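Subject: Handover of a structure and notes on its contents

Dear colleague,

Please find below the structure that I am handing over to you. My notes follow it, and I would ask you to read them with the structure open.

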Amino acid sequence: MAEMPFWTLNVLTCQGVVPYLEEGKRRLINTAATMTIESGPDNPRQEYRAIQAEAFNRIGGRYDEAFPHKEGQVAAGEWMIKRLKPGSRVLDIGCGTGAPTAQQFAEAGCEVTGIDISPVMLDLARKNVPTGTFLERDVLDLDESLGMFDAATAFFSLLMLPRAEIEQALRTIHGRLAPGGLFSLSMVEIDLDDVPFQFLGAPVRVTGYLRDELREVVEAAGFSVLSENHISYAPATTQAPPEIQLFVNCRRDQF
């Protein structure tokens with residue numbers, strides 16, 4: 001089946017979507033069967049994480065080829081950098097290859113820590129941003145060992161989680177930010193929860209929100225939304241129509 005980015009699914013109403021989703025489920029099952037992880041009902045989170053990590057191990061540097069121009073992401077980084085002091089600690093959640101976000105903050109004199117679940121992506125990030133610290137870590141596993149941060153970003157990384165875990169992840173991020181700390185995140189605008197699909201030839205699961213709903217979820221986690229940006233973006237290596245990307249710039253509330 002030809003590649004179909006999830007933002008073209010039109011909230012499950014397009015003709016042919018259901019067979020496509022069923023194919024995605026079969027691919028996920030086949031991928032899980034070949035992976036050397038402990039699976040089963042006692043370890044569903046580890047299995048889910050391993051499938052997502054393996055997908056991005058397969059994608060590797062092709063991600064930046066498909067998404068070479070990240071204007072919205074760069075603009076969100078610039079918004080944050082203007083409000084940070086040199087030496088500020090910044091956490092890049094789902095750092096991928098390190099481009100452009102970790103690079104952007106490192107060049108601005110910030111102390112950058114990136115986390116990702118894909119070892120291949122982390123290797124690329126270490127090459128692209130040699131001054132950064134990059135760790136194989138799930139956002140849900142963030143703890144006090146990393147200390148507190150002045151700012152955090154999560155650009156298109158939380159969409160790899162089910163909605164219930166996105167809410168948990170936002171609360172976890174809130175807990176790792178200093179009071180008044182800045183947070184920027186981005187999602188694709190679509191009403192989906194934990195749907196399987198093929199992304200750049202690899203099976204993953206994704207979630208999306210409509211903009212008003214995303215704002216409500218962010219505010220419920222203890223953040224004040226300071227600004228929002230919505231842009232139309234078309235991937236470079238697919239024939240998909242443009243997607244709507246949502247960027248939300250926030251501040252951690254003082255509690």
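Predicted model: local features only at pLDDT ≥ 70, side-chain atom pairs only at ≥ 80, totals over all residues.

Phe156 is found in the loop between β4 and α7. The phi angle of Phe156 is near 60 degrees, which is a positive value in a residue other than glycine. Is Phe156 buried or exposed? Its relative accessibility is 15%, and residues under 20% are classed as buried, so Phe156 counts as buried.

Ser157 belongs to the loop between β4 and α7 as well. With a relative accessibility of 15%, Ser157 also counts as buried. Leaving out residues up to four places away in sequence, Ser157 touches Ile93 and Gly94.

As background, nonpolar side chains tend to be buried together in soluble globular proteins.

Next comes the sheet. In what order do the 7 strands of the open sheet run? The order is β3-β2-β1-β4-β5-β9-β8, and the pairing is mixed. Strands β3 (133-136) and β8 (223-233) stand at the edges; each has a single partner strand, so one side of each is left without a neighbour in the sheet. From one strand to the next, the twist averages 15 degrees. Strand β1 (residues 89-93) pairs with strand β4 (residues 149-155) in the parallel sense, over 3 bridges. Within these strands, Leu91 stands opposite Ala152 in β4.

Helix α7 (residues 163-176) packs on the sheet, where it touches β1, β4, β5 (177-188), β8 and β9 (243-252). The direction of α7 makes about 150 degrees with that of β5. This helix has 14 residues and reaches 20 Å from its first C-alpha to its last, close to the 20 Å expected at 1.5 Å a residue. Which residues of α7 are buried? They are Arg163, Glu165, Ile166, Ala169, Leu170, Thr172, Ile173, His174 and Arg176.

The buried residues of α2 are Tyr48, Ala50, Ile51, Gln52, Ala53, Ala55, Phe56 and Ile59. Just after α2, Gly60 takes a positive phi of about 50 degrees.

Tyr63 has its place in helix α3 (residues 62-66). Leaving aside neighbours within four places in sequence, Tyr63 is in contact with Phe56, Lys70, Met121, Phe199 and Leu200. The C-alpha atoms of Tyr63 and Gly96 are separated by 8.6 Å, and these two residues are 33 residues apart along the chain.

Two further points concern the backbone. A cis peptide bond joins Ala99 and Pro100, with omega about 0 degrees; Pro100 lies in the loop between β1 and α5 (101-107). Asp194, in strand β6 (residues 192-199), has a phi near 60 degrees, a positive value in a residue other than glycine. Asp194 is partly exposed, with a relative accessible area of 22%.

Lastly, there are the cysteines. How many disulfides does the structure hold? The number is 0. Cys110 counts as buried at 11% relative accessibility, and Cys250 counts as buried at 0%.

With kind regards

How values were computed. Residues numbered from 1 in each chain as written. Heavy atoms only, no water. Helix = DSSP H or I, 4+ residues; strand = E, 2+ residues; numbered from the N terminus. Contact = heavy atoms within 4.5 Å. Pairing = 2+ DSSP bridges. Axes fitted to C-alpha atoms, helices over the stretch in contact; angles between N-to-C directions. Buried < 20%, exposed > 50% of the residue type's maximum accessible area, 1.4 Å probe, protein only. Disulfide = S-S within 2.5 Å. Expected span 1.5 Å × (residues − 1).
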